[in-house]
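The entries below follow the order in which I went through them.

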Amino acid sequence: MIAKRKTTSDVMFEIINIAILLILCIIVIYPIYYMLIISLSDGYAVMRGEVDLLPVGINLTSYLAVLQNPDIPRSYLNTIIYTVVGTLIAVSMSALCAYPLSRKKFYGRNVFTFMIIFTMFFDAGMISNFMVVDNLHLLNTIWAIVLPGAINAWYMVIMRTFFQQLPEEIFESAYLDGANDLIIFTKIVLPLSVPTIATMILFYAVGYWNGWFSALIYLDDKVKYPVQLIMRNIVLSGETTSMSSSASSMTGDLGAIATNIKYAVVFITMLPILCVYPFVQKHFVKGVMVGALKG
Amino acid sequence: MKKTWRLMSLVLASMLAASAFAGCGETEKSSTETSQESTSGTTSTASEGSDTLLAEPLTITYLYPENGYSPISQDCIALQEIQRVTNVTLEFQLVPSSDYGTKKSTYLATDKIPDVFFGSQGDIKTYARDGMFLNLSEYEQYMPDYLALITSEERADDAKNLYLDGNLYSFVRLEQYRVGTAPQPMIRMDLLEKNNIAVPTTWDELYDVFLQLKELYPDSYMLSSRSGTNYLIGQIAYSLGSGGFEGFSTSEGMYYDPTEEKYLYGPIHDNFKTVLTYLHNMYQDGLLDPDYAVMTKDICWEKLSSGKLLFYYDNDTFAARTFNPALQQVDPDAYFDMLDPMENSYGQTRALRYQRDWFADNTIINSEVERAEDIVTFFNWLYTDEGAMISNFGVEGQSYTIVDGEPQISDELMNKHASSSDKLSAIQAEIGVGQFNFTPYINETWFKQTTDPLMVEHGDRIDAATEAGTIQFMKNSMALAFTAEEDETLTDLQTNVMTVFNSEVDKFITGARSLDEFPAFVEELKAQGAQTIEDMYNEAYQRIQ
Amino acid sequence: MWAADTLTSKGRTHLIWKRIKENKFLYLLFALPFLYYIVFKYGAMAWLLLAFKDFSARKGLWGSEWVGFEHFVNFFSTPDFFRLLRNTVLLSLYNLIFSFPVPVFLALMINEVQQKPFKKAVQSITYLPHFFSTVIICGMLVNFLTSDGLINQIIVTFGGQPVNFLTDPRWFRTIYIASGIWQSAGWGSIMYLAALTGVDPQLYESAVIDGATKVQQTWYISLPSITPIISIQLLLSIGSMLTVGYEKIILLYNGSTYETADIISTYVYRRGLLGADYGYGTAVSLFQSVISLVLIVVSNKIAAKVGETSLW
């Protein structure tokens with residue numbers, strides 16, 4: 001590294017840069033902070049609108065109330081299983097799909113790519129997907145959750161673009177050394193694409209973690225429900241969109257779950273998946289790929 | 001380029017073939033699977049003897065929505081008792097209620113509905129004509145108790161709305177007993193008392209009270225809405241001499257006018273101008289919350305619980321259950337109390353209360369079930385005294401005891417849930433009964449034991465006003481009375497009329513459009529077919545009478 | 001394409017087979033994904049025919065009656081169809097124009113931060129909003145935007161007049177797009193941050209020697225090196241531009257803002273047809289699919305001509 005002497009314009013740039021990012025962070029974090037203090041405050045104080053900068057009557061009852069739900073532990077475990085299995089399958093499948101499509105000598109790659117992008121727009125909808133899963137006898141199994149979304153065309157195309165950016169020379173020398181595509185893919189391409197793979201793991205994992213729709217459609221057994229489906233039911237209960245019929249009853253209107261509990265639910269569901277990012281971030285080091293090439 | 005296309009067409013062709021296969025297989029398979037499902041229900045072993053309702057054991061799979069705050073348990077005592085008495089096992093397939101509609105429509109569209117499901121009148125309209133549901137009219141001899149209820153004097157008129165082309169397709173949820181509930185004018189009575197303001201009995205007096213309160217509490221508003229403009233209008237319009245949007249049917253402007261003895265489309269009649277004028281004046285005088293049109297339930301609740309709103313016209317029970325406790329933490333004297341129905345500028349004193357029964361809650365039976373008679377017999381049993389007792393209160397000696405002829409919650413249950421914020425729901429969830437469970441014939445006697453006496457008192461006053469004729473029940477939906485063709489026309493017209501109505505109505509309230517233009521507004525609505533909608537309603541109403 | 005025209009058809013096939021054989025391992029790798037697409041995606045395609053049928057659940061897809069283009073005619077004859085179409089196009093277009101560049105800039109800015117802990121903190125904070133559901137976000141938005149909400153309190157503190165954000169049709173698109181950016185900019189920047197790891201540090205070093213400022217380095221080194229990813233993302237975004245969901249809009253609009261907020265999908269939703277009439281629903285989505293396909297094919301052609309990137 002050459003010892004850098006910072007010019008005034010560079011210092012200015014850095015200061016402005018940091019200032020803008022700081023403001024952005026505040027804008028992003030305040031609403032989230034607001035939800036957090038609401039979830040920690042006393043229900044009636046929240047209802048009276050007394051909470052805005054600090055929690056009022058701080059307590060954990062809303063969290064305890066949510067965690068008392070007997071369905072939570074099991075559904076949490078389900079979600080973890082679906083996320084791990086799903087991500088493993090999805091990242092491997094996407095890489096398997098992206099690598100051949102990134103190679104110029106792969107005859108038919110344009111047609112195949114078009115075919116795949118075509119499916120992004122022409123989706124025959126809920127019933128058709130249900131029928132396919134049913135015909136494959138996957139209903140009410142984990143496979144109904146993890147398989148239909150195994151390749152996200154958008155992510156796959158991005159992955160292909162990353163692979164395309166690998167310098168052509170390494171492939172040429174590998175071929176000269178007698179390596180075939182299987183070896184190149186596993187021994188060279190994948191190790192060189194750690195940041196890409198890490199990003200894909202993050203994207204797919206978050207997708208599976210947040211997913212509830214396929215579970216709703218394809219699973220019949222409550223025991224198999226992921227946590228999002230259970231939580232959604234808590235957060236949405238009392239919203240006018242759900243089961244309007246019960247609203248005319250005396251108890252029906254009771255269905256309003258207090259705001260502090262709703263927000264507690266939000267934090268309980270998102271906390272574990274937030275822990276994935278730091279592991280991904282670790283691989284976002286400038287020049288890792290170039291370093292790997294030289295090494 | 002050429003060969004690219006050739007390859008592509010080859011690939012596409014093979015795919016179409018593949019998809020055609022997938023499609024073909026489906027119809028065949030789904031039918032075999034449904035029949036398998038229903039047979040599996042009957043293959044139980046020995047019967048338990050003839051003292052049960054059914055001699056042969058029967059398992060009924062029941063697709064049912066489950067609320068986030070009131071989970072349904074398969075081994076609650078109510079279900080066990082039902083099985084003991086009837087030999088029927090209800091096997092619930094529970095779907096989160098937030099997304100129940102999506103799951104249900106997937107099942108309906110793919111013809112995968114289990115034996116029985118919880119559905120709406122819309123489902124009956126869309127699918128019953130295809131023969132997907134059991135036509136109960138062919139099984140009338142197995143359901144005498146249910147039929148007796150819906151043809152009884154107090155229900156007969158409304159129950160005409162339950163028939164589609166003259167046939168009955170569902171068991172609807174009926175009321176055996178409830179504490180009276182209605183959307184009623186609710187005011188901060190403590191402030192009236194404190195400032196020696198007389199309790200208003202007419203809408204004009206109420207307006208004066210609003211003005212006085214505004215002077216005393218300039219930061220507060222008098223009226224808002226928890227669900228937008230139409231909901232607000234629906235709460236007050238009928239009492240003010242017009243109507244429409246009542247209850248939760250916020251997308252329709254139709255209402256039944258007892259004086260004219262026919263259906264009216266509220267917004268196209270002169271009386272509706274009175275409603276708009278009242279709201280417009282309130283807006284001008286700073287009485288109507290400026291955010292009335294965009295308010296969410298949470299924000300509205302916040303304002304009512306913190307003294308920022310001093311009046312509401314909505315479900316009377318919110319006061320005792322929610323706002324009063326929140327207010328009293330800060331000011332022990334604060335409370336909302338109910339006003340009696342008020343006289344409007346046409347000299348009428350009238351208001352609405354929620355429908356007696358729940359016509360939107362239907363138990364619908366798949367037409368491909370094997371033991372249809374037995375299933376009908378079972379659901380009919382739930383409407384008998386014995387069935388209603390078990391499905392509302394559980395088991396005598398365990399969950400309730402009889403005191404003065406009325407079932408009382410057992411002490412054990414009461415103590416167990418003493419600290420719960422909503423005792424009744426918690427107790428009902430534990431034994432597996434009530435609105436959020438499958439109970440089809442509702443008895444909420446227990447409310448008297450578990451809630452604020454203020455609520456019971458309000459209920460008595462609402463019942464008294466109903467007797468006196470100043471409060472009428474809201475009419476149940478006429479959805480089933482229309483033919484398939486009429487339905488299509490109605491959907492089109494209603495969407496168009498509502499689009500115009502919704503884009504304009506707030507302009508009148510806020511003053512962006514002068515009320516002198518009301519006749520022009522009526523013409524705009526009529527141009528979209530509002531008059532036709534009204535005529536179609538009355539035609540259908542005549543038809544079913 | 002190239003020498004193909006001069007060869008006989010037999011020779012051409014032979015050449016193709018030779019190429020395929022040479023790269024058999026690529027085809028082996030591709031087999032599983034190919035199967036996936038055939039089974040899960042193309043296996044369901046036949047159901048697009050629903051758009052031309054009067055669907056009856058008992059009769060199934062093939063048994064239902066053909067109605068030709070009836071659903072399309074119904075759809076196009078919606079009153080105010082062009083207002084709905086205009087609103088849809090404008091909302092998606094503005095959304096693309098304003099939302100697309102933000103993650104790119106955010107990534108470049110984060111990339112320039114020297115202080116490691118701050119850098120990590122910014123990354124972790126900005127991506128958080130992605131995890132909140134639409135219902136939660138919209139509930140909070142309304143809360144902040146009412147006449148006495150947080151935003152208006154700030155405006156009043158600085159001597160301004162309160163604004164009717166939620167009932168003024170002129171504000172609707174701004175609110176919709178700004179909240180979208182708030183929610184997804186940080187998440188979107190992750191992809192670009194990953195791409196930035198591929199830049200050779202030597203490039204920066206030599207730029208410093210040449211006396212390039214930080215801004216110049218960002219502009220001439222960082223940005224060009226992630227251009228392929230940006231172009232691909234842009235192409236895909238253009239393709240899915242029109243698929244604006246109704247959920248967020250119905251939570252944010254009301255009668256007063258229909259003028260700008262009512263789009264095709266919200267209208268169809270209000271009409272209550274999405275759940276009940278599958279033929280109509282499929283017809284509407286097929287219409288959108290065709291437009292999307294045209295958009296992506298055309299923009300891909302342009303991209304291939306102008307830059308070197310192409311989707312296929």
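**Domains of chain B.** I took the centres of domain 1 and domain 2 of chain B over C-alpha atoms and found 34 Å between them. The model is predicted, and local features need pLDDT of at least 70, side-chain atom pairs count only at pLDDT 80 or more, and totals for chains, interfaces and linings use all residues. Residues are numbered from 1 along each chain as its sequence is written, and chains are lettered from A and ligands numbered from 1 in the order in which they are written.

I noted the bounds, which come from an automatic or database domain assignment: domain 1 of chain B covers 58–175 + 360–441, and domain 2 of chain B covers 183–353 + 474–483 + 506–516. I then looked up the contact between these domains and found 9 residues of domain 1 of chain B against 6 residues of domain 2 of chain B. Two residues are in contact here if their C-beta atoms, placed from the backbone, lie within 7 Å. On the domain 1 side, the elements that give two or more residues are α4 (121–127) and β4 (163–164) of chain B. The largest share, 4 residues, comes from α4(B). Helices (H or I, at least four residues) and strands (E, at least two) are DSSP runs, numbered from the N terminus. By class, I recorded 4 nonpolar, 3 polar and 2 charged residues on this side. Nonpolar covers Ala, Val, Leu, Ile, Met, Phe, Trp, Tyr, Cys and Pro, charged covers Asp, Glu, Lys and Arg, and the others, Gly among them, are polar.

**Sheet of chain B.** I traced an open sheet of 6 strands with mixed pairing, in the order β2-β1-β3-β13-β6-β16 (chain B). Two strands pair if DSSP finds at least two bridges between them. Strands β1 (residues 58–66) and β3 (residues 116–119) of chain B run parallel and are joined by 2 bridges. I looked up B:Y62 and found its bridge partner in β3(B) to be B:V116.

**Chain A.** I counted 16 helices and 0 strands in chain A. Its domain assignment gives domain 1 (8–59) and domain 2 (69–294). Between these domains, 7 residues of domain 1 of chain A are in contact with 7 residues of domain 2 of chain A. On the domain 1 side, α1(A) gives the most, with 4 residues. I found no charged residues on that side, which has 4 nonpolar and 3 polar residues.

**Chains A and C.** Which element gives the most to the side of chain A that touches chain C? It is α1(A), with 14 residues. The contact takes 73 residues from chain A and 69 residues from chain C. By class, I recorded 49 nonpolar, 16 polar and 8 charged residues on the chain A side.

**Nonpolar core.** I looked up the largest nonpolar core, which has 304 residues. Such a core is a set of buried Ala, Val, Leu, Ile, Met, Phe, Trp, Tyr and Cys residues joined through C-beta atoms within 7 Å. A residue is buried if 20 or more other C-beta atoms lie within 10 Å of its own, exposed if 12 or fewer, and partly exposed in between, with C-beta atoms placed from the backbone. B:F133, B:M222, B:V275, B:I375, C:W47 and C:Y192 touch the most other members. Helix α10 (residues 169–196) of chain C gives the largest share of this core, 11 residues. Not counting residues up to four places away in sequence, B:M222 touches B:F210, B:L213, B:K214, B:M282, B:L287, B:L310 and B:F311.
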